[in-house]
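Biologist: I would like to go through the terms used for this model one by one. Could you set each value beside its cut-off for me?

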Amino acid sequence: MSAIATSVAGPSNERAATTVPTGRLGIWWFLASEIVIFGGLVTCYLLLRIRHPEWNEAAKHTLTPAGAINTFVLLTSSLTVVLAHAAVSRGLLKRAAHHLYTTILLGTIFIVIKAFEYGHEIAEGFTPVASLFWSFYYAMTGLHALHVIGGMVAMAVVRGMALQGKSPHRIEYVGIYWHFVDIVWIFLFPLLYLAH
Amino acid sequence: MNTTAQTGHAHPNYVAIWAVLLAALIVSILLAYLEHAAIAIGLIFAIAIVKAALVAGFYMGLKFETRYVIVAIAAGIATLGILFAGLYPDIARVYGG
């Protein structure tokens with residue numbers, strides 16, 4: 001068993017009472033608060049959308065192909081980050097770092113495509129103040145994009161630390177966060193692009 | 001060192017799950033072109049829920065987590081429910097229904 005693997009499974013990383021590592025439990029509680037943030041936005045959007053059938057027309061102007069490509073990109077990034085977790089749990093630190101690098105790259109592609117979409121939509125006159133639909137669109141996708149950027153920064157930090165042998169178990173935690181961001185997009189894509 | 005060291009469970013076939021997620025994505029996009037919008041939207045959201053469940057269950061490992069993690073998620077969902085209960089009357093008052 002490698003030193004890395006020992007530290008990953010080490011007893012200092014786990015609470016005896018819960019049998020859940022403290023960091024993992026912490027990230028789940030953090031995600032519980034995120035459920036309220038994104039869930040609140042989506043709930044308001046749904047309640048208003050049901051009462052505004054004219055939003056269907058606005059939704060037709062979102063770029064479905066770009067949204068579909070971004071969904072593919074995020075789903076694939078979820079695969080690469082979970083492969084990083086699987087690699088680190090086998091003590092394969094360099095392979096895990098490689099998977100994290102790929103995940104960061106995919107996150108960058110997502111942001112670039114999103115920026116292209118924003119540019120196209122604003123050029124068409126669909127600014128955040130064009131209508132309530134577009135206000136929700138920019139609020140929800142913008143907040144999500146900020147979470148993607150935050151996840152990429154966290155992943156780069158965790159990757160750098162893991163390569164030095166410091167806290168490689170955090171790869172799993174940053175992965176759990178990244179999957180949550182993926183789940184949020186799984187719902188945003190049909191809400192904003194497909195349902196019209 | 002086996003694959004269960006940190007997670008406490010064996011790693012499932014992540015690539016196979018990814019393939020299912022991609023297939024579900026393609027079906028969702030095709031459904032958007034159905035003539036009957038209400039059925040299409042219902043199916044699209046049903047598929048989104050299945051996709052989210054696959055990611056949460058297998059990629060996030062929720063399927064293998066203890067009740068302490070389930071409590072955390074349940075607390076988040078319950079708080080969201082309270083938020084919904086607070087918001088709904090206001091929106092109903094303004095827009096009716």
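This is a predicted model: local features need pLDDT of at least 70, side-chain atom pairs count only at pLDDT 80 or more; totals for chains, interfaces and linings use all residues.

Biologist: What makes α7(A) and α2(B) roughly antiparallel?

Modeller: Helices here are DSSP runs (H or I, at least four residues), numbered from the N terminus. Axes are lines fitted to C-alpha atoms over the stretch in contact, and angles run from 0 to 180 degrees between N-to-C directions. An angle over 145 degrees counts as roughly antiparallel. α7(A) and α2(B), residues 37-59 of chain B, pack at about 175° with their axes 9 Å apart, so they are roughly antiparallel to each other.

Biologist: Which residues of α7(A) and α2(B) make that contact?

Modeller: Contact means that the C-beta atoms of two residues, placed from the backbone, lie within 7 Å. Among them are I183(A), I186(A) and F187(A) of α7(A), and F45(B), A48(B) and V55(B) of α2(B). By class, this contact has 12 nonpolar, one polar and two charged residues. Ala, Val, Leu, Ile, Met, Phe, Trp, Tyr, Cys and Pro count as nonpolar, Asp, Glu, Lys and Arg as charged, and the others, Gly among them, as polar.

Biologist: Why are α4(A) and α1(B) called roughly antiparallel?

Modeller: The axes of α4(A) and α1(B), residues 14-31 of chain B, cross at roughly 170° and come within 10 Å. α4(A) and α1(B) are therefore roughly antiparallel to each other. Their contact includes F72(A), L75(A) and L79(A) of α4(A), with W18(B), L22(B) and L25(B) of α1(B). It divides into 14 nonpolar, two polar and no charged residues.

Biologist: How do you know that α4(A) is largely enclosed by the rest of the structure?

Modeller: A residue is buried if 20 or more other C-beta atoms lie within 10 Å of its own, exposed if 12 or fewer, and partly exposed in between. In α4(A), 19 of the 26 residues are buried, so this helix is largely enclosed by the rest of the structure. G91(A), which follows α4(A), has a positive phi, near 80°.

Biologist: What makes the span of α4(A) close to the one expected?

Modeller: The expected span is 1.5 Å times one less than the number of residues. α4(A), with 26 residues, reaches 38 Å from its first C-alpha to its last, close to the expected 38 Å.

Biologist: Is H196(A) buried, exposed or partly exposed?

Modeller: H196(A) has 16 other C-beta atoms within 10 Å, so it is partly exposed. H196(A) sits in the segment after α7 of chain A. Leaving aside neighbours within four places in sequence, H196(A) is in contact with N56(A), A59(A) and K60(A).

Biologist: And within chain A, why are α5(A) and α6(A) described as roughly antiparallel?

Modeller: α5(A), residues 93-123, and α6(A), residues 132-163, pack at about 160° with axes 10 Å apart, so they are roughly antiparallel to each other. Their contact residues divide into 16 nonpolar, five polar and two charged.

Biologist: How many residues does each chain give to the contact between the chains?

Modeller: Chain A gives 46 residues and chain B gives 42 residues. On the side of chain A that touches chain B, the largest share, 14 residues, comes from α2(A).

Methods
Residues are numbered from 1 along each chain as its sequence is written. Chains are lettered from A and ligands numbered from 1 in the order in which they are written. Helices (H or I, at least four residues) and strands (E, at least two) are DSSP runs, numbered from the N terminus. Angles under 35 degrees count as roughly parallel, over 145 as roughly antiparallel, 65 to 115 as roughly perpendicular and the rest as oblique.
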